[in-house]
Amino acid sequence: MDDNKAPKDHKNYLPKTPLTEPTKNNSAEDLNDLQFKNRLDLSELQSSVENIKQEVGKVIVGQKDMIDMLIASLLAKGHSLIEGVPGVAKTITAKLLAKSLSVGFNRIQFTPDLMPSDILGTSIFNLKTSEFEFKKGPIFSNMILIDEINRAPAKTQAALFEVMEEQQITIDGRKFKLDSPFMVLATQNPIEQEGTYRLPEAQLDRFLFKINVDYPELDEEIEILSREHQLRDTEKTATISSFLTAKQISEYQLLVTQVLVEKHLLKYIAQLIMATRSNPFLYLGASPRASIAILKSSKAFAAMSGRDFVTPEDIKRAAIPVLHHRVIVTPEREMEGVSSAQIIRQIIETVEIPR
């Protein structure tokens, strides 16, 4: 079962702004038939999201939840960690998403001998000017794909702390700001542990989502084989068109921040987070950064659905991919095979939505 799937029972929770104000002459039928419109114009954002899905869908079969969360992560100015066994299209999906956007893209293959300077850059002495010049590393781009992030040692992973949180790096006492939009997509294999370095909790906390990618279904597997047969050695990314610019992405990100969240839903998010801290099955609960992550991602999900307000279903949809890499299951429950996603799902079912 995919831990990241959205709830099926989606319904509008808050009313939208009506096109016409009700009057005393309105009948009951007229009031029921009132049409509503958004406070924000999200039509262009919705259209762009559908275009991205169509472009990525030219190559990728299924994996709709992963694609949705990657787009939501982009709109919420977050980073995503994609976890799955080899061969389930983690890397190619990230590359296709980058190809559908007219932004800078760099891929970094993490290896045990990779140094922080290989990512961030280094100062080189210029003999002509007799001064040190900073040569930027591959992190200086809009979208960064880090393949097998757990292959690099801890000091190389730690080099990402500042840039993922503050969108800047500090070298030799100088600060270098990165251009917007900036997004890190990282992949890792949960099965093969030889020659890997487990990501510390502080590093995991920098990721907005942890996306678990499962095997495809039988019909999806057949479709994958059929498409591969039809390609006949054609480059998979050759059919993907780039249409969304960095400026447009920044405008959509600003639009998402304006999505309405009622006070009782802010309380609901806080109660979910507090429940992780008091749960006896969890050794470590979620931090305030997690509650902010749920807030941002639920706004993105709402905007992607064409709504300018957040519903409880948006919060529930965001909760598992936001939380399950930020909490730690007690050793006793872990030995029993209980996962963090199961505990979070139970918390979601037990915490009542404030009215």
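A polar contact is a pair of N or O atoms within 3.5 Å; within protein, one of the two must be able to donate a hydrogen and the other to accept it, and residues adjacent in sequence count only if both atoms are side-chain atoms. Asp314 sits in helix α13 (residues 312–323); helices (H or I, at least four residues) and strands (E, at least two) are DSSP runs, numbered from the N terminus. With a relative accessibility of 3%, Asp314 counts as buried, where buried means under 20% relative accessible area, exposed over 50%, and partly exposed in between (1.4 Å probe, protein chains only).

The model is a predicted one, in which local features need pLDDT of at least 70 and side-chain atom pairs count only at pLDDT 80 or more, while totals for chains, interfaces and linings use all residues. Residues are numbered from 1 along each chain as its sequence is written, and side-chain values use heavy atoms, with hydrogens and water left out.

Turning to the chain as a whole, the protein has 15 helices and 15 strands. Of its 355 residues, 48% are buried. The accessible surface comes to about 18,600 Å², and carbon and sulfur atoms contribute 51% of that area; accessible areas come from the Shrake-Rupley method with a 1.4 Å probe, and for residues only the protein chains shown count as cover. Among contacts (heavy atoms within 4.5 Å) with a separation of 6 or more, 78% join residues 24 or more positions apart.

What lies inside? In soluble globular proteins, nonpolar side chains tend to be buried together. A nonpolar core is a set of buried Ala, Val, Leu, Ile, Met, Phe, Trp, Tyr and Cys residues joined through side-chain atoms within 4.5 Å. The largest core here has 74 residues, and Leu75 and Leu323 touch the most other members. Setting aside residues up to four places away in sequence, Leu75 touches Leu45, Val49, Tyr252, Gln253, Val256, Ala300 and Met304. There is also a second, separate core of 27 residues, which includes Leu120, Ala152, Phe182 and Phe207.

Phe125, Leu127 and Phe132 make a nonpolar patch of about 370 Å²; patches are made of residues with over 30% relative accessible area and no salt bridge, with like charges joined within 9 Å and nonpolar side chains (Val, Leu, Ile, Met, Phe, Trp, Tyr) within 5 Å. Phe125 belongs to strand β6 (residues 121–126) and is partly exposed, at 40% relative accessible area.

A polar atom of the Asn142 side chain lies 2.9 Å from the backbone nitrogen of Gly104. Beyond its neighbours within four places in sequence, Asn142 is in contact with Val103, Gly104, Asp179, Ser180, Pro181, Phe182 and Met183. Pro181 itself lies in the loop between β10 (174–177) and β11 (183–188), and the peptide bond from Ser180 to Pro181 is cis, with omega near -5°.

Most residues other than glycine have a negative phi, and most peptide bonds are trans. Lys77 has a positive phi of about 60° although it is not a glycine; this residue is in the loop between α3 (64–75) and β3 (80–83) and is exposed, at 58% relative accessible area. Gln167, likewise not a glycine, has a positive phi of about 55° and is placed in the loop between α7 (160–166) and β9 (168–171).

Finally, the structure holds 14 salt bridges, each a side-chain nitrogen of Lys or Arg within 4 Å of a carboxyl oxygen of Asp or Glu. One of them joins Lys53 and Glu50 at 3.9 Å, N to O; both residues lie in helix α2 (residues 43–57), 3 residues apart, about one turn of the helix. Glu50, Lys53, Asp68 and Arg317 are linked in a network of salt bridges. Asp205 forms a salt bridge with Arg289, with the closest N and O atoms 2.8 Å apart. Asp205 lies in the loop between α8 (201–204) and β12 (209–212) and Arg289 in helix α12 (residues 288–304), so the pair ties together parts that are 84 residues apart in sequence. Asp205 is buried at 15% relative accessibility, whereas Arg289 is partly exposed at 28%.
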